[in-house]
Amino acid sequence: MEFKISDKIAWRKIDGLLYIVTIPDSYLHLLNETSTLIWELIVKDKNKTEIVKNICNEFDVEPAVAEKDIKTFLSQLKQKGIIKQ
Amino acid sequence: MSVIEKFNRVTAKKNIPVSIMFELTKKCNLRCIHCYINPVENQSTKVEYKTELSTSEIFNILGQLADSGSLYILFTGGEVFLRGDFFDILNYANKKHFAITIFTNGVFITNEVAKKLSRYNLVNVGISLYSMNQLIHDKITGVSGSWRRTVSAIKSLREQNIPVEIKTPLMKQNFYGYQKIIKFADTVGAKYGFDISLVPCDNGDRTPLKYRIDEKQLRSFFNHQGVFKPLENNNLNCTAGKNVCAINCYGDVYPCLQFLVKFGNLREKLFSEIWRKNFVRKDYLLKLTDLTLCRSCNLINYCGRCPGIALLEDGDIRGPWSRACEIANVSRDFNLAKCSD
């Protein structure tokens, strides 16, 4: 698995968007529609290439742009301790 | 709008039960004088007259709740650590990605248990501590040695960096000296909260009410604890039954553990059926306009009315909760005095 979801988070998809609670600070994070889709791909054990491909299929975006945005997003998740690589 | 505000607004509007109070047992190892649980039911030595939910029933319910959008779960009792399967339940709740809170008296939390608890997604462990005076605490719990073990539990949990909130109902018995609890909480890095209400037993027995602090003590509490700002445009909104839900240890579903209007039973129906199709809820989830006396009250912005306790204590779900009126009155006086300083 390329990305591992941290053991110290709680999460739920509510009304189409993903809410994540980080432990122990109890901070509630909200992902937008695109980020929620990326999250679901991470949960399905997809690697970065597959995630980029899925996002390009779903939204009208160039692969290079998608790759850059996804990289930024994943790095933010990593920084917040939500995923590990 | 902050993420939390959006979360609360969306889920209340769409009736998504994001926050669940799950009572796992009524049995308890302590005999606290003010406890709201029917005294016949919390005695672990007595024969049960109803069977509490089994491990597999609880797993099934947790699965249904996750599918319904529940994110926050509070495990409470009785005393949750009296269940031999409590760690199995925690494991399952973790697996289902819940953010978990535990309410406990802490008596069973040793260093080893605290270490084990640190593996779970605990956002809070609420521990009842009544005094920093061992004799006063033990007299309230009815069990000698309980203070020592509860204080030790708080320290052990904090050593594991587990968030702890010390919960203290303020009563005539423990009113003097409550500030020592604040000092202790600050020392160990715990939060603290004082309950100045006290509520009747869930069978309607009013015994706990005689321990309530009186008006003089209420005024002293407000003076020492600083400014309680009035709310703005308080509509006495309670989200119980909207995005908050409670389940007791027999599988009965309620809007809240203190709002005892039964929606249904999980041994008879699925959670989604009870939650979505319940017609009682529509009758009981009131708007400000339904509260004929409270809506025009000049204390409204100081009021913390609870519809469940208004029903239980004063007998009218649409009427005032008398204790909230008393507290609001003191709060208003305190704020007015502050403003004129």
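## Confidence of the model

Chain B has an average pLDDT of 92, and 94% of its residues score at least 70. The structure is a predicted model. For the complex, the predictor reports an ipTM of 0.93 and a pTM of 0.94. Where pLDDT is low, the predicted coordinates should not be read in detail.

## The second largest pocket

The second largest pocket holds about 270 Å³ of space. It is lined by 18 residues, and those closest to its centre are Phe222(B), Phe228(B), Tyr302(B), Gly304(B) and Ile327(B). By class, the lining consists of 13 nonpolar, 3 polar and 2 charged residues.

Three elements of chain B each give at least two residues to this lining: strand 6 (191–195), helix 8 (215–225) and helix 12 (322–340). Helix 12 of chain B provides the largest share, with 4 residues.

## A buried lysine

Lys26(B) sits in the loop of chain B that runs between strand 1 (19–23) and helix 2 (55–67). Its relative accessibility is 5%, so Lys26(B) counts as buried, the cut-off being under 20%. The side chain of Lys26(B) has a polar contact, at 3.1 Å, with the side chain of Glu23(B).

## Cis peptide bonds

In chain A, Ile23(A) and Pro24(A) are joined by a cis peptide bond with omega of about 5°. Pro24(A) belongs to the loop between strand 3 (17–22) and strand 4 (27–30) of chain A.

In chain B, a cis peptide bond links Gly77(B) to Gly78(B), and omega there is about 20°. Gly78(B) is placed in the loop between strand 2 (72–76) and helix 3 (86–95) of chain B.

## Positive phi angles

Leu198(B) is a residue other than glycine with a positive phi, near 60°. The loop that holds Leu198(B) lies between strand 6 and helix 8 of chain B; strand 6 and helix 8 are also among the elements that supply residues to the lining of the second largest pocket. Leu198(B) counts as buried because its relative accessibility is 3%.

Asn233(B), again a residue other than glycine, has a positive phi near 50°. It is located in the loop between helix 8 and strand 7 (244–247) of chain B. Is Asn233(B) buried or exposed? With a relative accessible area of 71%, Asn233(B) is exposed, since the cut-off for that class is over 50%.

Notes:
Residues numbered from 1 in each chain as written. Chains lettered and ligands numbered in written order. Predicted model: local features only at pLDDT ≥ 70, side-chain atom pairs only at ≥ 80, totals over all residues. Heavy atoms only, no water. Buried < 20%, exposed > 50% of the residue type's maximum accessible area, 1.4 Å probe, protein only. Polar contact = N/O pair within 3.5 Å; in protein donor to acceptor, adjacent residues only side chain to side chain. pLDDT = per-residue confidence, 0-100. 1 Å grid on protein atoms, 1.4 Å probe; cavity = no way out; pocket = protein on both sides within 12 Å on 5 of 7 lines; lining within 4 Å. Points joined across faces, edges and corners; volume = space filled by probe spheres on them. Nonpolar A, V, L, I, M, F, W, Y, C, P; charged D, E, K, R; others polar.
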